[in-house]
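Take a walk through this structure, one part at a time. Keep the sequence and the 3D view side by side as you read.

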Amino acid sequence: MNQSFFRDPGRSGIFHLPTLSRQAVEAAAAGLDIREADLRQSQDKQGVLNELGHAFRFPDWYGANLDALYDCLTDPDWYPPGGQVLLISGLARLQGADPDSFSALLEVFSAASEARREAGAPLWVLIDAASPDLPALS
């Protein structure tokens with residue numbers, strides 16, 4: 001993987017990131033704002049949303065729901081102008097326990113990434129849980 005992937009806003013979106021590729025991504029995305037969330041201890045959707053708010057240092061007004069997640073991810077006061085990479089691990093637990101909530105979360109990430117791409121501040125969301133709906137980032 002090379003840096004050109006993360007320099008092309010048209011390639012931004014949500015991807016499955018195999019654990020073994022993580023170091024390559026961190027090197028390729030050097031210079032972008034990289035934030036990480038480890039959700040392995042989160043038991044359910046509410047726990048996931050709470051932990052995302054904490055890990056990503058969302059503003060105080062974050063309400064720990066899907067609408068607030070989208071609002072924070074697309075708020076120009078929160079994100080840096082040059083682009084951002086979110087590395088999220090541990091979503092397999094939510095995926096297995098509550099597939100509907102997992103799908104809804106992916107929809108929010110996808111919509112936020114699209115909105116950010118259109119605003120010229122791309123967002124890449126990389127998760128370690130494989131899903132048929134997610135392209136793998138190799």
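**Charged pairs, overall build and local details**

Asp 33 is partly exposed, with a relative accessible area of 22%. The model shown here is a predicted one. Start with the partner of this residue: Asp 33 forms a salt bridge with Arg 35. Their closest N and O atoms are 2.9 Å apart. Arg 35 is buried, at a relative accessible area of 12%.

Side chains of opposite charge can pair when their charged atoms come close. A search of the whole structure finds two salt bridges. Arg 40 and Asp 38 also form one. Here the closest N and O atoms are 2.5 Å apart. Arg 40 counts as exposed, at 52% relative accessibility. Asp 38 counts as partly exposed, at 38%.

Now step back to the whole chain. How many helices and strands does the protein chain have? There are six helices and four strands. Along the sequence they follow the pattern α-β-α-β-α-α-β-α-α-β. The radius of gyration is 14 Å, close to the 14 Å that the globule rule gives for 138 residues, so the chain is as compact as a globular protein of that length. Along its principal axes, the C-alpha trace spans about 35 × 35 × 20 Å.

Of the 138 residues, 48% count as buried. The chain exposes about 6,800 Å². Carbon and sulfur atoms supply 47% of that area.

Is Phe 15 buried or exposed? Phe 15 is buried, with a relative accessible area of 12%. Leave aside its neighbours within four places in sequence, and Phe 15 is in contact with Phe 5, Trp 124, Val 125, Leu 126, Ile 127, Leu 134, Pro 135 and Leu 137. Glu 51 is 36 residues away from Phe 15 along the chain. The C-alpha atoms of these two residues are separated by 20 Å.

Move on to helix α4, residues 66-73. Its buried residues are Leu 66, Ala 68, Leu 69, Cys 72 and Leu 73. Seen down the axis of α4, they fall within an arc of 160°, so they line one face of the helix. What covers them? The cover includes α3 (45-55), β3 (84-89) and α6 (99-119). The N-terminal end of α4 has a cap, Asn 65. A side-chain oxygen of Asn 65 lies 3.1 Å from the backbone nitrogen of Asp 67.

Finish in the loop between α3 and α4, where Arg 57 lies. Ala 64 is found in that loop too. Most residues other than glycine have a negative phi. Arg 57 has a positive phi of about 55°, although it is not a glycine. Ala 64 also has a positive phi of about 55°, and it is not a glycine either. Their surroundings contrast. Arg 57 is exposed, with a relative accessible area of 55%, whereas Ala 64 is buried, at 9%.

Terms used. Residues are numbered from 1 along each chain as its sequence is written. This is a predicted model: local features need pLDDT of at least 70, side-chain atom pairs count only at pLDDT 80 or more; totals for chains, interfaces and linings use all residues. Side-chain values use heavy atoms; hydrogens and water are left out. Buried means under 20% relative accessible area, exposed over 50%, partly exposed in between (1.4 Å probe, protein chains only). Contact means heavy atoms within 4.5 Å. Helices (H or I, at least four residues) and strands (E, at least two) are DSSP runs, numbered from the N terminus. The arc is that of the directions from the helix axis to the C-beta atoms. A polar contact is a pair of N or O atoms within 3.5 Å; within protein, one must be able to donate a hydrogen and the other to accept it, and residues adjacent in sequence count only if both atoms are side-chain atoms. The radius of gyration is taken over C-alpha atoms; the globule rule is 2.2 Å times the number of residues to the power 0.38. Accessible areas come from the Shrake-Rupley method with a 1.4 Å probe; for residues, only the protein chains shown count as cover. A salt bridge is a side-chain nitrogen of Lys or Arg within 4 Å of a carboxyl oxygen of Asp or Glu.
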